[in-house]
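Hi,

Here is the model I promised to pass on.

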Amino acid sequence: MTDARKQQGEKLTEAEAIERAKQGDAAAFKVLYDLHKRRVYSLCLRMTQNTASAEDLTQEAFLQLFRKIGTFRGESAFSTWLHRMSVNVVLMQLRKKNLPIVPIDDTLEGDEEGTIKKEPGAPDERLTGAIDRLRLQNAVDELPPGYRTIFVLHDVEGYEHNEIAEMVGCSIGNSKSQLHKARLKLRELLRVDRAEKARK
Amino acid sequence: MTCLEFERDLPECVEGKPSPEQQAHLNSCPTCSGLLLDLNSIASQAKMLSAAEEPSAAVWNALEERLRSEGLIRSQPVYLPAEVKPSFMQRWRAAWLVPVAAALVAVAVVKLYHPANIGDNSPVAKQAQPAAPAAVVKNASAKRKPALSHEDQQWLDTVAARPPAQLAKFRTDLDQANAFIEDAQQSLQQDPNDVYMQQMLMNAYEQKQMLYELVVDDSSH
């Protein structure tokens, strides 16, 4: 970036900010922080359900990343690097507190009764088109910790099952079954929530 | 296919495409069809939860303080082109390239004209050897002699039979190589994030490897 552009107040690009941050430029660190703070914080908040913990973990994730910024070569996306570090920071924190990350291998094969219960004449309470962010957020917060971790990592953050299995220390099959159970549970929570609102 | 059978295959169905048998069941069962639609909707809507929240300003304030205390944020950042760090580069180039180039030239000339007489007193060999390095090179790191590793000692043992002048030259080059490696390592201990020093250290190891290879290559002929 030339000085002329800087004088015009144009923002740094991420690549420019990274290079300047390597030189110790405070403004460059701020640019990188502002670019990624929401995603990191949201991840931490989803997985810990505590704003104070989420803020501490956000700070820790960025600190660990910035300590290593001198070795960043730009071969992979900076956001990918940061994001993986954030997940590791959160998972480490959960392990330190002995909070459950994922239940022991538990597959659907043992659940013979099933979820679908056909009641003659019962209305079909589908959710399609009725999900808003706040309701979904509240429902995710009510999930058991193990379900919530897998759901957040897969459906919210976009990790694949093999990546999740490696990060949390479970099998791919376990990751898939927990995700499915999480979605079923969310459906149940959202249907209850909608029914309660309809009664009011 | 029953609803129970369909539900057992449901995870794969949500994340992929229904099989013909599953699709046939979906076409005839509004309950299962509704369930699948709901699960797909939940999965797709989940992405809107990403980056939905923002931390308070206190997070950045605390982070900035930590970065300053660890020296990652500097009051006067130094913006240098990647290839330039004048004092180090001048010293390293002057000290490295001259003796290494001299060694390469000397070996090349000896091989070309007198392959069996390594470091002899023939006019050709003498003529091909460049003048002694400049004073700045001598002053650079030759005064300091870092400890020799086991590999270094083995390397020196392989050239022990060479003429004293050549042996002394090899030893000087080796001492300089080790001194530069030591310099870079010490710099990196103070600032592990110094990319320039990381590159310098890599270069120093590569140059040392070149010295080894020169001897090995020479010994094989």
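I call a residue buried if 20 or more other C-beta atoms lie within 10 Å of its own, exposed if 12 or fewer do, and partly exposed in between, with the C-beta atoms placed from the backbone. By that rule His25(B) is buried, because 21 other C-beta atoms lie within 10 Å.

Some housekeeping before the rest. This is a predicted model, so local features need pLDDT of at least 70 and side-chain atom pairs count only at pLDDT 80 or more, while totals for chains, interfaces and linings use all residues. Residues are numbered from 1 along each chain as its sequence is written, and chains are lettered from A and ligands numbered from 1 in the order in which they are written.

**The two chains**

Chain A comes to 9 helices and 0 strands, and chain B has 11 helices and 0 strands. Helices (H or I, at least four residues) and strands (E, at least two) are DSSP runs, numbered from the N terminus. Of the 200 residues in chain A, 38% are buried; for the 221 residues in chain B the figure is 22%.

I count two residues as in contact if their C-beta atoms, placed from the backbone, lie within 7 Å. Among contacts in chain A between residues at least 6 apart in sequence, 64% join residues at least 24 apart. In chain B, residues 24 or more positions apart account for 61% of the contacts with a separation of 6 or more.

**Back to His25(B)**

His25(B) sits in helix H3 (residues 20–28) of chain B. Which residues does His25(B) contact, leaving aside its neighbours within four places in sequence? They are Met1(B), Phe6(B) and Cys32(B). Cys3(B) is 22 residues away from His25(B) in sequence, and the two are 8.0 Å apart in space, C-alpha to C-alpha.

**Where the chains meet**

On the B side, 45 residues are in contact with 44 residues of chain A. Helix H1 (3–8), helix H2 (10–15), helix H4 (30–45) and H5 of chain B are the elements that give two or more residues to that side. H4(B) gives the most, with 12 residues. By class, the side of chain B that touches chain A has 28 nonpolar, 7 polar and 10 charged residues. Here Ala, Val, Leu, Ile, Met, Phe, Trp, Tyr, Cys and Pro count as nonpolar, Asp, Glu, Lys and Arg as charged, and the others, Gly among them, as polar.

Helix H4 (residues 51–67) of chain A packs with helix H5 (residues 57–69) of chain B at an angle of about 35°, their axes 10 Å apart. The axes are lines fitted to C-alpha atoms, for helices over the stretch in contact, and angles run from 0 to 180 degrees between N-to-C directions. H4(A) brings Glu55(A), Thr58(A), Gln59(A), Phe62(A), Leu63(A) and Phe66(A) to this contact, and H5(B) brings Val59(B), Ala62(B), Leu63(B), Arg66(B) and Leu67(B). Sorted by class, that makes 7 nonpolar, 2 polar and 2 charged residues.

**Cores**

By a nonpolar core I mean a set of buried Ala, Val, Leu, Ile, Met, Phe, Trp, Tyr and Cys residues joined through C-beta atoms within 7 Å. The largest one has 59 residues, and Phe29(A), Cys44(A) and Phe151(A) have the most contacts inside it. H3(A) supplies the largest share of this core, 11 residues. Neighbours within four places in sequence aside, Phe29(A) is in contact with Ala21(A), Phe66(A), Leu67(B) and Ile73(B). A second, separate core has 6 residues, including Val159(B), Leu174(B), Ala177(B) and Phe180(B).

Helix H3 (residues 26–48) of chain A has a kink of about 50°, centred on His36(A). The bend at a residue is the angle between axes fitted to the seven residues ending there and the seven starting there.

Most residues other than glycine have a negative phi. Gln49(A), which follows H3(A), has a positive phi near 60°. Gln49(A) lies in the loop between H3 and H4 of chain A and is partly exposed, with 15 other C-beta atoms within 10 Å. In chain B, Ala51(B) also has a positive phi, near 60°. Ala51(B) is in the loop between H4 and H5 of chain B, and is partly exposed, with 17 other C-beta atoms within 10 Å.

Cheers
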